[in-house]
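This report looks at charged side chains and at helix packing in one protein model. Please keep the structure open while reading.

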Amino acid sequence: MAKHEKLFREEIKNGAIHLHLKDPSMKKTERMEKAAAPLPKELHTPHMLDDEVLDKIGYTQMTNKPFYLVSQARGQQKILEFARYLSPTETFSADLWPELSSTQCTLANKECLVLLKKSQGGSLTSHLKKRGTCFDLAFTSCPGGAGIKPGPMALRNDLEMTGLNATLISLYNKILELAFPDREKEAFAQSWAAEGSLTIGEDNVNVSSIQVNFSRLDEAMENGLKCKAHIHIDKNDDPTRLSIVLFLSKFPMDVFPGRFNITSAGLTCSAETFGALVFTGRHPHCGSGVGRYPESLPSDSKLRAQLPDGIGYPELDDENYPDIRINAILYPRRDCMKQGATPLRRLSDGKALGAFVTQRAQREFEVRQFIKHNIGTDITIDELQKVFSWQNAKRETLYPRRWIIELALKYSGTRNQELADRHEAALVTGCGDKLPADEETKKKRAEDIKRRKEGKKMRRETALARGKVQCMQYIARRKKQWEGYFYPKDEVFGCKRHPEAGLLPAATKGIDAVAGSRKRKLSQMEERFGSEDEYDLLLNDDSYDEAEFSSDESDMEWGTEDGDCQDDHDSVPKYSDVKVDQDDDVEMQVDYPGTTPMARSNNRIAVVVTSKSSPSSSGNSTAVADNAMPQQDLAHVPVAFLKSILSSVEGLRRDVAQLTEQKSGHFSK
């Protein structure tokens with residue numbers, strides 16, 4: 001195999017390695033093509049690699065030296081933290097093994113994986129198909145892109161898992177300090193306070209989410225980790241912050257734990273248990289090489305991962321702790337660090353403590369959010385502390401920390417130039433967000449598209465044959481009519497998903513209707529609501545959120561009560577379909593009946609109904625003559641409902657004509 005072509009040249013400076021982009025004029029798509037090229041076969045071998053082999057394939061083994069990225073922002077040089085590997089020996093010297101060991105004991109226990117699967121509830125099948133055995137422990141995105149919420153495991157508010165989140169955040173802060181002690185800190189704290197960033201636990205300004213990846217020893221990584229087993233980019237990560245992966249696998253001595261690769265920079269490191277890697281997820285990366293050592297490799301070979309004398313891993317019994325590969329990734333979601341218009345769900349729920357870890361962290365998040373959305377409000381720090389106070393188990397009144405409120409009041413509504421420069425510099429040397437599709441992926445996508453089209457056609461034919469009609473709901477973003485069917489009955493104007501679709505003006509739009517932009521929807525709402533307070537309230541109302549699917553879920557279907565229109569592949573359900581306890585949080589059942597704000601108004605047509613005048617109830621009235629003039633009454637009928645009736649009549653006419661033709665042909669024979 002040809003030598004890997006690095007995108008960066010390395011320069012050793014002050015005990016660190018600085019990475020300079022070789023060709024700044026190269027387009028990001030071209031950089032991505034080079035970085036996403038197949039790994040050299042040597043990186044898949046289950047043993048350590050010596051310097052000669054690494055030099056041959058164009059990769060650098062990460063040691064205890066930090067890597068920095070040299071970039072540009074506003075015409076000036078900007079140096080960014082890029083990657084730093086900490087070996088098990090280094091974490092041992094830093095006294096991190098007690099916390100790493102307790103984390104491994106919790107995650108490696110076979111009951112933990114069972115608990116994580118149970119937490120998914122009815123969406124487990126879909127989860128395993130899409131993400132394999134990768135589970136979120138804290139905040140995550142709602143299915144369908146409907147916002148941010150605590151993950152299923154966090155909502156269980158399990159004390160052991162909540163304690164695990166606290167331990168992981170503690171490890172993150174300590175490892176980040178070991179890796180880059182001279183990093184920028186003040187700007188991140190200011191941004192965290194001013195933006196009301198959604199983070200886990202106390203004294204954490206960087207991490208919003210925790211993901212745990214499991215895969216069995218003799219299982220192919222793509223079966224357990226799905227797309228995460230291949231070269232990928234975490235495009236939802238904040239470009240200015242760093243992620244950390246903790247290697248917590250429980251393997252026997254004859255198994256190589258694998259390696260972690262950053263392909264854009266040509267860097268690799270071994271994934272030895274209790275090691276850690278600080279890196280940015282916005283560059284292409286992947287894992288490889290897990291497996292048993294070759295039998296020909298001597299037991300004392302330097303190509304085996306071994307601990308120094310005097311250090312040994314804690315012993316775990318095989319009955320409760322089977323051999324398994326475990327990686328815990330702590331990372332900053334971009335939409336959690338700076339929400340913008342991203343809806344936040346279920347954060348006031350008491351069960352959200354599973355993600356916040358402590359009530360103090362939750363209250364301090366709430367006060368930061370309040371300050372962010374009420375800039376200029378005349379309120380003192382003491383008043384804010386009193387409003388957002390709480391009582392602990394001992395009935396003691398506690399308050400948010402004063403320095404956090406001061407920081408939020410001082411910097412809310414201001415521009416953080418340091419983070420803006422870091423963001424620009426990270427994008428300059430980045431590879432973009434979209435990975436090129438290989439031939440196998442293209443073939444699979446084509447097969448999926450064909451299968452979905454055939455499934456839609458079959459479901460449509462089956463539903464129409466049973467006497468159902470298609471729902472009139474029009475999906476503006478997808479520019480097509482909703483693929484749902486229902487039996488036309490009295491007071492039934494749509495499918496189970498859109499029961500009032502026949503009453504909505506959006507349903508009368510043709511397939512070529514122009515999808516309304518969010519800006520136009522907001523302007524329509526401004527016209528409808530004169531009061532600013534009412535308008536602000538409407539913007540925060542969940543009933544107007546639109547939970548459309550991403551591109552990979554654009555063909556998801558929703559069925560009726562009879563199940564005639566079910567999805568032909570297991571998919572993540574919309575957030576509004578997630579079953580939650582109504583008593584705990586009624587507000588979280590979000591309904592999405594319309595595609596525009598105007599879709600809630602009833603569009604009706606006046607129909608002239610001709611009838612004879614009825615005789616008066618008065619006894620003095622005379623009888624109505626047979627040739628009396630007819631009386632015209634006005635009845636308001638929904639336009640879409642009238643069209644559906646006409647469409648049904650036309651369908652019946654065609655069916656009758658077809659049956660008549662068949663009958664005449666039968667008798668002619």
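Are aspartate 238 and arginine 241 buried or exposed? In this predicted model, aspartate 238 is buried, and arginine 241 is buried as well. Their side chains meet in a salt bridge, with a distance of 2.8 Å from N to O.

**Salt bridges**

The count of salt bridges in the model comes to 24.

| Pair | Distance |
|---|---|
| Aspartate 238 and arginine 241 | 2.8 Å |
| Lysine 174 and glutamate 99 | 3.0 Å |
| Arginine 363 and glutamate 366 | 3.1 Å |

In the salt bridge between lysine 174 and glutamate 99, the closest N and O atoms are 3.0 Å apart. Because lysine 174 belongs to helix 8 (residues 159-179) and glutamate 99 to helix 4 (residues 97-108), this pair ties together parts that are 75 residues apart in sequence. Lysine 174 is partly exposed, its relative accessible area being 39%, whereas glutamate 99, with a relative accessible area of 18%, is buried.

Arginine 363 and glutamate 366, by contrast, are both found in helix 13, where three residues, or about one turn of the helix, separate them. Arginine 363 is partly exposed, with 25% relative accessible area. Beyond such pairs, a network of salt bridges links Lys78, Glu81, Glu418 and Arg422.

**A charged surface patch**

On the surface, a patch of negative charge is formed where Asp50, Asp51, Glu52 and Asp55 gather. Glutamate 52, one of these residues, is placed in helix 2, which covers residues 51-57, and its relative accessible area of 67% makes it exposed, because exposed means over 50%.

**The enclosed helix 9**

Why can helix 9 (residues 186-195) be described as largely enclosed by the rest of the structure? Nine of its 10 residues are buried, and therefore the helix is largely enclosed. The buried residues of helix 9 include Phe188 and Trp192, together with Gln190, Ser191 and Glu195; alanines are also among them, namely Ala187, Ala189, Ala193 and Ala194.

The buried residues of helix 9 pack against helix 11 (334-337), helix 13 (359-373), helix 15 (402-411) and helix 16 (417-428). Helix 13, one of these packing partners, is also the helix that holds arginine 363 and glutamate 366. After helix 9 comes glycine 196, which has a positive phi, near 60 degrees.

Terms used. Residues are numbered from 1 along each chain as its sequence is written. This is a predicted model: local features need pLDDT of at least 70, side-chain atom pairs count only at pLDDT 80 or more; totals for chains, interfaces and linings use all residues. Side-chain values use heavy atoms; hydrogens and water are left out. Patches are made of residues with over 30% relative accessible area and no salt bridge: like charges are joined within 9 Å, nonpolar side chains (Val, Leu, Ile, Met, Phe, Trp, Tyr) within 5 Å. Accessible areas come from the Shrake-Rupley method with a 1.4 Å probe; for residues, only the protein chains shown count as cover. A salt bridge is a side-chain nitrogen of Lys or Arg within 4 Å of a carboxyl oxygen of Asp or Glu. Lys and Arg count as positive and Asp and Glu as negative; His and the chain ends are not counted. The place of a charge is taken as NZ of Lys, CZ of Arg, CG of Asp or CD of Glu. Helices (H or I, at least four residues) and strands (E, at least two) are DSSP runs, numbered from the N terminus. Buried means under 20% relative accessible area, exposed over 50%, partly exposed in between (1.4 Å probe, protein chains only). Contact means heavy atoms within 4.5 Å.
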